[in-house]
Amino acid sequence: MTSIFSSAPIRLDQHGEVLGQRFSSYLAPTLKEAPAEAEIVSHKLMIRAGLIRRLAAGIYNYLPLGLRSLRKVERIIRGEMNRFGAREVLLPAVQPAELWKQSGRWEKYGPELLRFKDRHERDFVYGPTHEEVITDLVKREVRSFRDLPLNLFQIQTKFRDEIRPRFGLMRGREFIMKDAYSFDVDDAAAELSYQAMYEAYQNIFKRCGLKFAAVEAHSGAIGGNYSHEFMVLADSGEDAIAFCPACSRAANLEKATSVYPLTPGPTNAPLIKKHTPNCRHVPELARFLGVEEATIIKSLLFLANGQEPVLALIPGHREINLVKLKDALDGQEPVLASPEQAEKIMGVPMGFVTPVGAKVKILADLGLQRLKSGVAGAGEKDYHYLNAEVNRDFQVHAFMDLATVAPGDPCAKCGAPLTIRRGIEVGHVFKLGTMYSQALGATFMGPDGQESPLVMGCYGVGLGRTLAASVEQNHDADGIIWPMALAPFQVALLPLQTQNPAVAEATASLFDQLTSLGLEVLLDDRDERPGLKFKDADLLGLPLRVTISEKSLAKGEVELKNRADRTVSMSPLNQAAQQLQDLVKAMLSPM
């Protein structure tokens, strides 16, 4: 059926951007149910609301509503980058393999790197990130300390061939990212650039209306020696954050450290070998001996890069942190030995491996330094040692932080109990130092005439992840609840009796007033029952809803509803536009 509003034009602002749009002529296909593969809230709601559609595993189309919200994230990011002096570039997505071989990441990056050949059999990659390309560009253009500092950013599509893409935009293979790169003369100047980007990121996520935390993080495949992740706090978050309520220190579990006391037990007690039948695991061993799990030395055999055996010792009530162990092995990948490998190397089944007399490299968690009398495997099936002491009964090559922190552990900074929260990573800032500039020969001439490598930092924001994280944080049983800053439109305009001339006239008039004031309006001009329009309005989650009906018009009023707090009020028709403009301004104010 032809809409009575079909003759009304789409409203554009002075830049050609859409301010007002009719629902009937918009590609906004809502769904009652989410597809079976959608697992988390943001994935389900973004598909149901017609924001995205799946093309292939981890690859999504953005539909008009989703793209409008994406552009809003983009504008916020671009504004803060410009504010802090970064300059925008656009780098190629396709990158020559030579640069990756120079940096050493051609082999190191792993199967996530999409490699291919052109018709001349030359190797290329589809960029998952752009450290190599930007370093090569700056190497060619920057000559002197007078050209520094320099910060360049872009907003562009990336591709990482995730082994298990899932959760919609949260963990895709193709994604849109803002990446920035700073270049400085020394570490002190690089620290200023890092702090500027840190502040810019604080502003970005505040302006997006998100609740977030900046946490100390591991640098991963990007490299560098210092980094922070910006985590949107949400129960559905993939990442766990150790947070101290007392001093506000926060770190992801890959990086979090703690201090925890262990009961030392008697000193100089003799080493005793005890029969412990069927006690292969820590809980059953603790019950059998009547001891605390913390006094048991858990011995785990790993193969560094699948080859060199390494025995990692941690307190029995802890879990090994593989990222920390990898760092302790200077970047070698730790692979847990199979039962067959453990028995071949150590001569005993897993669960009874002992550090006493072991002929392999031994690394021990810092917590074991204070353990004076512990329980350890005895190197024989169904036997354990009691009163085992480090440096008396066995030697370790190094004490290192190897364990994952747990709730209630004392904060390493202030000693207060830590809490564990869930978060979604939406941004990451890194101090890279000179690892890329040295590898690719990017230098500058200092005032003393000497050449030095550029000192770098890099700073990334995932735009799609930011949208998805916003939905994870802002929703209810009926749909999305957009923050005003990210909403595809600010106002949903719902006429209920679309064939009534008075309703049509009032709707067209209010539509014109709102768009003339610069407000973004989605007019639901469909000839549908009110219940469906209300359901779709809640699903789409536009911050403000205006309902025009025969009943309200008889009183010269329209109904206003705030999507976030569900408050409903009546407004005189001739005052509604101004009232809505005031509400939008208030809801856009910085948090």
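Guide: Two strands pair if DSSP finds at least two bridges between them. Helices (H or I, at least four residues) and strands (E, at least two) are DSSP runs numbered from the N terminus. This is a predicted model, in which local features need pLDDT of at least 70 and side-chain atom pairs count only at pLDDT 80 or more, while totals for chains, interfaces and linings use all residues. Residues are numbered from 1 along each chain as its sequence is written, and side-chain values use heavy atoms, with hydrogens and water left out.

Visitor: How many bridges join strand E3 to strand E4?

Guide: Strand E3 covers residues 52-56 and strand E4 residues 59-62, and the two run antiparallel. Within this pairing, Ile52 stands opposite Tyr62. The number of bridges joining E3 to E4 is four.

Visitor: Which residue in the turn of the E3-E4 hairpin has a positive phi?

Guide: Two residues lie between E3 and E4 in this hairpin. A positive phi of about 75 degrees occurs in the turn, and the residue is Gly58.

Visitor: In what order do the strands of the open three-stranded sheet lie?

Guide: The edge strands are E6 (94-96) and E7 (114-117), each of which pairs on one side only. E7 pairs with E8 in the antiparallel sense over four bridges, and Lys117 stands opposite Asp123 in E8. The order is E6-E8-E7.

Visitor: Why is the pair of Tyr126 and Phe159 edge-to-face?

Guide: Rings of Phe, Tyr and Trp (its six-membered ring) pair if their centres lie within 6.5 Å; planes under 30 degrees apart count as stacked, over 60 as edge-to-face and the rest as tilted. The structure holds eleven aromatic pairs. For Tyr126 and Phe159 the ring centres are 6.3 Å apart, and the pair is edge-to-face because the planes stand at 75 degrees.

Visitor: Is Phe159 buried or exposed?

Guide: Buried means under 20% relative accessible area, exposed over 50%, and partly exposed in between (1.4 Å probe, protein chains only). Phe159 has a relative accessibility of 8%, so it counts as buried.

Visitor: How many residues apart in sequence are the parts tied together by Phe205 and Phe230?

Guide: The rings of Phe205 and Phe230 form a tilted pair, 5.8 Å centre to centre with 35 degrees between the planes. Both residues are buried. Phe205 lies in helix H6 (residues 187-207) and Phe230 in strand E12 (residues 226-233), so the separation in sequence is 25 residues.

Visitor: What is the distance of Arg526 from the ring centre of Phe23?

Guide: A charge sits over a ring if NZ of Lys or CZ of Arg is within 6 Å of the ring centre and within 35 degrees of the ring normal. One such case is Arg115, whose charged end sits over the ring of Trp106, 4.8 Å from its centre. Arg526 lies over the face of Phe23, and the distance is 4.0 Å.

Visitor: How are H2 and H11 oriented to each other?

Guide: Axes are lines fitted to C-alpha atoms, for helices over the stretch in contact, and angles run from 0 to 180 degrees between N-to-C directions. The axes of H2 (residues 64-83) and H11 (residues 463-473) come within 10 Å and cross at roughly 110 degrees. Angles under 35 degrees count as roughly parallel, over 145 as roughly antiparallel, 65 to 115 as roughly perpendicular and the rest as oblique. H2 and H11 are therefore roughly perpendicular.
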